Amino acid sequence: MGSQIRLLGWYSWIYYFVCFSFIVVNAVNGERRGDAIEKGFVFIHGKSFIGKIDDDFVCATLDWWPPQKCDYGRCSWGLASLLNLDLNNKILLNAVKAFSPLKIRLGGTLQDKVTYGTEDYHHPCTPFVWNTSEMFGFTKGCLPLHRWDELNSFFKKAGAKIIFGLNALAGKSIQSGSAVGPWDYSNAESFIRYTVKKNYIIHGWELGNELCGNGIGTSVSADQYVSDVASLRLIIQNAYKGIEPKPLLISPGGFFDATWFKEFVTKAGKSVDVVTHHIYNLGPGVDEHITEKILDPSYLNGEASTFNGLKNILRSSATSATAWVGEAGGAYNSGHHLVSDAFVYSFWYLDQLGMSATYDTRTYCRQTLIGGNYGLLNTSTFMPNPDYYSALLWHRLMGRRVLATSFYGTKKIRAYAHCAKQSQGITILLLNLGNSTSVQAKLALRFAKVPYGREKFREEYHLTTKSQNLHSQVMLLNGNILSVNKYGDIPPLKPLYVDPSKPIVVGPLSVVFAHIQDIILPACT
């Protein structure tokens with residue numbers, strides 16, 4: 001029998017498995033001869049969903065850092081700035097187009113030092129200049145309108161949805177570490193009006209970068225931020241008069257501070273559509289123990305309190321605003337080469353996507369699309385790093401509705417499930433943080449309806465690396481190397497077709513997406 005129904009106490013569960021006898025599976029799906037084997041259960045509650053994500057949940061950032069941005073003696077940004085990125089690169093175009101669409105957030109540390117070269121900006125429009133006496137090590141820099149035109153041409157061709165981070169420090173003075181006074185929005189308003197005049201579609205305007213709470217570099221009080229956001233709301237309403245839908249107003253784009261965020265959300269009311277926060281929970285990029293942190297389940301669990309804290313603030317207020325992660329690079333100061341741009345980072349990244357979704361986070365923006373040591377694409381070659389393929393599989397397989405999921409067995413398995421995307425059924429994500437044990441996972445569902453017909457297979461996507469080299473920048477899908485061809489085309493992501501009566505086998509240090517089409521849950525219908 002492909003499925004059988006058992007009673008567990010007063011619960012009725014549907015188990016998708018038959019035998020649990022030892023089977024030797026080739027390295028395509030991660031299990032190897034000689035691996036220790038553990039058994040476990042993925043329990044999914046199917047009556048209702050526990051959270052929702054946007055269809056375009058996966059988001060990536062483009063930053064302002066010039067080539068002179070260096071950390072710990074390594075200069076990892078190259079020509080990846082919004083001001084100098086090669087927009088004619090075929091791999092870049094194809095990498096973005098593959099998502100159809102990819103949200104891209106334009107911003108970062110230097111955004112609060114950016115001016116816009118509009119007609120009424122009566123100063124030279126010059127780029128950032130390295131100066132160690134300046135905040136963040138650079139002078140102010142200017143975005144010329146011809147470059148904004150070029151960027152928008154690329155975004156339209158690539159089908160990207162753009163979030164633009166505005167300079168929130170214009171007009172403010174720094175006093176005792178705090179930025180005080182009202183926002184001078186004149187330059188930003190001119191820039192927004194130019195954007196509207198050119199018919200450039202902006203998904204959201206975000207105000208400020210890491211100025212909330214204690215801030216990075218400087219900070220703005222919650223009360224002043226509310227006033228500044230209200231000014232931006234009025235600008236958007238006027239500039240987009242007669243245009244629907246209007247762009248989202250997004251803020252504050254900084255690190256979660258419960259007291260600050262609660263005051264901001266309460267006072268901002270309907271002025272703000274999206275509340276964003278940033279995540280760098282792995283510490284500085286120079287840390288030599290980042291890999292150990294990533295493979296430690298208890299360490300990964302630590303970020304749940306942030307997601308839950310913001311969820312509770314939004315739920316307890318009168319706002320209709322939703323939560324996004326506006327920037328997440330894991331390890332700050334540009335990441336760590338051969339960690340944040342290597343296979344091992346997919347365990348952190350996919351776990352973050354899965355965990356944040358369970359707390360009703362609607363969008364998750366990865367720092368970066370390209371640039372630094374944590375780009376989804378290699379800064380110099382534009383070749384996709386492993387996390388690019390992890391992001392693309394998530395985007396294609398994980399639907400909007402999030403299911404309550406837990407794993408019973410080894411603590412080294414991380415388990416998440418969503419209703420499937422653009423098809424019936426569900427998609428399960430399993431991460432095996434253990435380095436020596438394969439896990440055979442049985443599936444148990446509560447409130448599942450017995451399907452009318454049985455599929456003859458389930459689709460599985462096994463992500464591994466050669467010889468369990470966690471620091472490799474080459475990812476394997478079902479045993480095959482993923483790489484672009486000579487034309488810069490992103491490779492197809494093809495599944496294995498597996499007997500649905502068999503358990504899902506998750507090899508050591510591997511990732512599995514399993515798409516099961518014939519499971520019918522009330523949560524998904």
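Predicted model: local features only at pLDDT ≥ 70, side-chain atom pairs only at ≥ 80, totals over all residues.
Student: What makes the strands a barrel, and in which order do they close?

Tutor: 8 strands close in the order 5-6-9-12-13-14-16-18, with parallel pairing. From one strand to the next, the twist averages 25°.

Student: How do you know that strand 13 and strand 14 pair?

Tutor: Pairing needs at least two bridges between the strands. Strand 13 (residues 248–254) and strand 14 (residues 274–279) are joined by 4 bridges, so they pair, and they run parallel. G254 stands opposite H277 in strand 14.

Student: Which strands does helix 3 lie across?

Tutor: Helix 3 (residues 186–197) lies across strand 9 (161–166) and strand 12 (204–207). Its angle to strand 9 is about 160°.

Student: Why is the pair K103 and D56 called a salt bridge?

Tutor: The rule asks for a side-chain nitrogen of Lys or Arg within 4 Å of a carboxyl oxygen of Asp or Glu. The N to O distance for K103 and D56 is 2.8 Å, so the pair qualifies. K103 is in strand 6 (residues 103–106) and D56 in the loop between strand 4 and strand 5, 47 residues apart. Both K103 and D56 are buried. They also belong to a network of salt bridges that links D54, D56, K103 and K161.

Student: How do you know that R105 forms a salt bridge with E206?

Tutor: The closest N and O atoms of R105 and E206 are 3.1 Å apart, and the limit is 4 Å, so the pair counts. R105 lies in strand 6 and E206 in strand 12, so the bridge ties together parts that are 101 residues apart in sequence. R105 and E206 are both buried.

Student: What joins the side chains of N209 and R105, and why is that contact called polar?

Tutor: A polar contact of 2.8 Å joins these side chains. The cut-off for such a pair of N or O atoms is 3.5 Å, so the distance for N209 and R105 passes. N209 sits in the loop between strand 12 and helix 4 (222–239). At 3% relative accessibility, N209 counts as buried.

Student: Why do D360 and R362 fall into their accessibility classes?

Tutor: R362 has a relative accessible area of 18%, which is under 20%, so R362 is buried. D360 has 25%, so D360 is partly exposed. Their side chains meet in a salt bridge (3.5 Å, N to O).

Student: Which peptide bond involving P252 is cis?

Tutor: The bond joining S251 and P252 is cis, with omega about 5°. P252 is in strand 13.

Key:
Residues numbered from 1 in each chain as written. Heavy atoms only, no water. Helix = DSSP H or I, 4+ residues; strand = E, 2+ residues; numbered from the N terminus. Axes fitted to C-alpha atoms, helices over the stretch in contact; angles between N-to-C directions. Contact = heavy atoms within 4.5 Å. Buried < 20%, exposed > 50% of the residue type's maximum accessible area, 1.4 Å probe, protein only. Polar contact = N/O pair within 3.5 Å; in protein donor to acceptor, adjacent residues only side chain to side chain.
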